[in-house]
Amino acid sequence: MVASRDDAFVSFEHVQKSYDGETLVVKDLNLQLAKGEFLTMLGPSGSGKTTCLMMLAGFETATHGEIRLDGKPINQVPPHKRGIGMVFQNYALFPHMTVGENLSFPLEVRGMGKSEREEKIKRALDMVQMGAFANRRPAQMSGGQQQRIALARALVFDPKLVLMDEPLGALDKQLREHMQFEIKHLHESLGITVVYVTHDQGEALTMSDRVAVFNDGRIQQLAPPAELYERPDNSFVAGFIGENNKLPGVIEELNGDRAVVRLENGELIDATAVNVQAKGDKTLVSIRPERVEFKPELIPAGAHTIDAEVLEVIYMGDILRTRMRVAGHDEFVVKCRNTIDQMPLTPGQRIRIGWNPLDARALDMI
Amino acid sequence: MSDVASQLTTADGRPLKAALASAQARAKRRAFFLVLPLLLFILISFAVPIGQMLQRSVYNDQFSKSVPALSQWFAENPKGTAPDEAAFAALASDLVLMKETRAAGDAGTRINYVVSGTRSMFTKAARGADKLEPPFMEAMLELDEDWDNPLVWNAMRSAASPWTFDFYTIAFDLERDADGKLTKVDETQRIYFRLFIKTFLIAGVITAICLVLAFPIAHLLATLPMAKANLLMILVLLPFWTSLLVRTTSWIVLLQGQGVVNDILVALGIIGDDGRLQMIYNQTGTIIAMVHILLPFMVLPLYSVMRVIPVSYTRAARSLGATSWTTFRRIYLPQTIPGIGAGVLLVFILAVGYYITPALVGGADGQLFSNMVQFHMTKANWSMAAALATMLLVGVLVLYWLYDRLIGIDKLKLG
């Protein structure tokens, strides 16, 4: 799926953006999208992801750099000539028009005839299972229905590229999850290219082909969801995606990508070196809570184990979330599957924990 | 549905609606007492005076209270009867009465409203009323040959009853001929209705200029960051905080023949020194000064509506392929209609009834209808002033009704 620079459908090249001439909101963005790709821009608010989307849509101009769509530079192309469909966070359905008129609008401004318009509107509404709602007004519909209409409106004029700016942000959890599948399904059946902006990591992981994690105006990591979760490049990504235990320490041994880290209390642990350079470097070791093992038979032979004291066990149904004190840190979390033969842990209990060195990643200090 | 609701009862068997009403009665009573002072204030200072004004426009006893004998004769003889000796005798006896009560001037003034130049007939006749001898017809005609003018007699018949539409007849530039038919007055004397129409036209022009000027300002205010918008808002509201008189006077300073604007135009060579523009003490002056005064009333409702239109609507329209003009026309403008409606209605109604500015800077041709109301008030012709004011009120109500039919009053958004 990863596109090279030449045949990319959308590409950002050294794009920078500043609003006040003093600070950069987007710092040197380089990004290529292949045709048909579903790319999510994920990041906390103020990370520059929405600004990137707005530059692509044409509502903001890049201060520096070039944005290309289908091989052609579009920096100077006004938004209405870009042919990009867009779904907004608050739906942005025109309140003074019916659903049908909303969908008709992009076709009318393109000078399409009445019969052709009606056919396209019907097809678009059927696509989101809203065929019976053409004469309703936006205010008469629920949030989820409005969202479907917004989606249909962004797709009705057959755009090659669809941008979505936190489209599910205003929906409740259940509906949001349902809509995630529908959007994903539409993307697959229509073969459109989607750029999706969200701050919800779950959404990003379930829907995307690739996720670009934004922070501080830069892409911190651009990777498929699984890689992002399992092999974060740096401490920000590790912390932002999923739950994560962080243990600060110093590199004791470095052998290729295998590292041994000395924690603050002097204990040694195994880790995979990701972005540490040399022995003596400070590092933050990141381990997912579900990859921590405390049964000796599950810890790989020869791996280091360390002391842990169980502080709290929270029953969450599918898992038992266990908080431990490890190397002087109270917030170390281990997720144990709730199975019949699970070893019960009780607060105050002292155990040895360990993990596969591949699951512990020695990252930069933040 | 309503059947089911009316049958619902509370646990102890009382009808639900009654239970609800009694449960809320106390709160409703308290709320009513809170608004009572305002209600009384409005009643005393607004509703009652308007009622009085409406009454005065159709009720005038200036003449009728002084002519008991003549009223009797009018009652006994149907309309169209030529005045006979008995009529003149009744008139003479009433004139004697008028002399005693010094009411001849008042009574004559009432007839004079309808037939001009007749006031002196009454004062003159009343002065010598007690010396009049029968036959009264000849005696009166000797005093003034106009005493058998059918117009005067028609006017007296009409004025003998305090209830009258004479003032509305005058206000619509109509008069009754000798046969009692309504005809238009002479071209040169048609002032009221013509001014009425002109007032609505000028108010329309002022409203249009205000809308054109206010729309971009309101849009700017609505899209700027809050801090800057507040600063600009102060500039918009500044006229509100300045005395009306000061503002109007400063327009005189700016616009007069030797004023700042003319001086600048002359200095720039756009007009010659002998071609200084007359921009004050005429219609132009009225329009300029009133636009300035009424502009905030247009900006504020527009601003309050535009502020809550999310930028995503216009962005959505652009992304769907609409040019900026189409976006404005089909997406942005329709959503500002409640604000436009409120602003237009507000400015227009204020402009139609405006008095002080046209009085100060209007000169001869910049006067509006209210100035005519004021003119009649200074002349103590309350009924005429009331009739004109009622016309203004009805005109505005008709516009309000039209607005409700066309746009809907529930769509009005003032802020």
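In chain A, strand 14 (residues 282-287) and strand 19 (residues 361-363) run antiparallel to one another and are joined over three bridges. Within this pair, A:Leu284 sits opposite A:Leu363 of strand 19. Please keep in mind as you look around that this is a predicted model.

- As background, strands of a sheet pair through backbone hydrogen bonds, in either a parallel or an antiparallel way.

**Chain A as a whole**
- Chain A holds eight helices and 19 strands.
- Along the principal axes, the C-alpha atoms of chain A fill a box of roughly 75 × 50 × 35 Å.
- Of the 366 residues in chain A, 40% are buried.
- Among contacts in chain A with a separation of 6 or more, 64% come from residues 24 or more positions apart.

**Two domains in chain A**
- Domain 1 of chain A covers residues 10-235, and domain 2 covers residues 243-363.
- Their C-alpha centres are 39 Å apart.
- Four residues from domain 1 of chain A and six residues from domain 2 of chain A make up the contact between them.
- On the domain 1 side, the touching residues are one nonpolar, two polar and one charged.

**Where chain A meets chain B**
- How many residues of chain A are in contact with chain B? There are 18 of them, and they are in contact with 15 residues of chain B.
- Two elements of chain A, strand 6 (84-87) and helix 2 (99-108), each give two or more residues to the side that touches chain B.
- Strand 6 of chain A provides the largest share of that side, three residues.
- By class, the side of chain A that touches chain B consists of 13 nonpolar, four polar and one charged residues.
- In general, the size of an interface is often given as the accessible area lost when the parts come together.

Definitions and conventions:
Residues are numbered from 1 along each chain as its sequence is written. Chains are lettered from A and ligands numbered from 1 in the order in which they are written. This is a predicted model: local features need pLDDT of at least 70, side-chain atom pairs count only at pLDDT 80 or more; totals for chains, interfaces and linings use all residues. Two strands pair if DSSP finds at least two bridges between them. Helices (H or I, at least four residues) and strands (E, at least two) are DSSP runs, numbered from the N terminus. Domain bounds come from an automatic or database domain assignment. Two residues are in contact if their C-beta atoms, placed from the backbone, lie within 7 Å. Ala, Val, Leu, Ile, Met, Phe, Trp, Tyr, Cys and Pro count as nonpolar, Asp, Glu, Lys and Arg as charged, and the others, Gly among them, as polar. A residue is buried if 20 or more other C-beta atoms lie within 10 Å of its own, exposed if 12 or fewer, and partly exposed in between; C-beta atoms are placed from the backbone.
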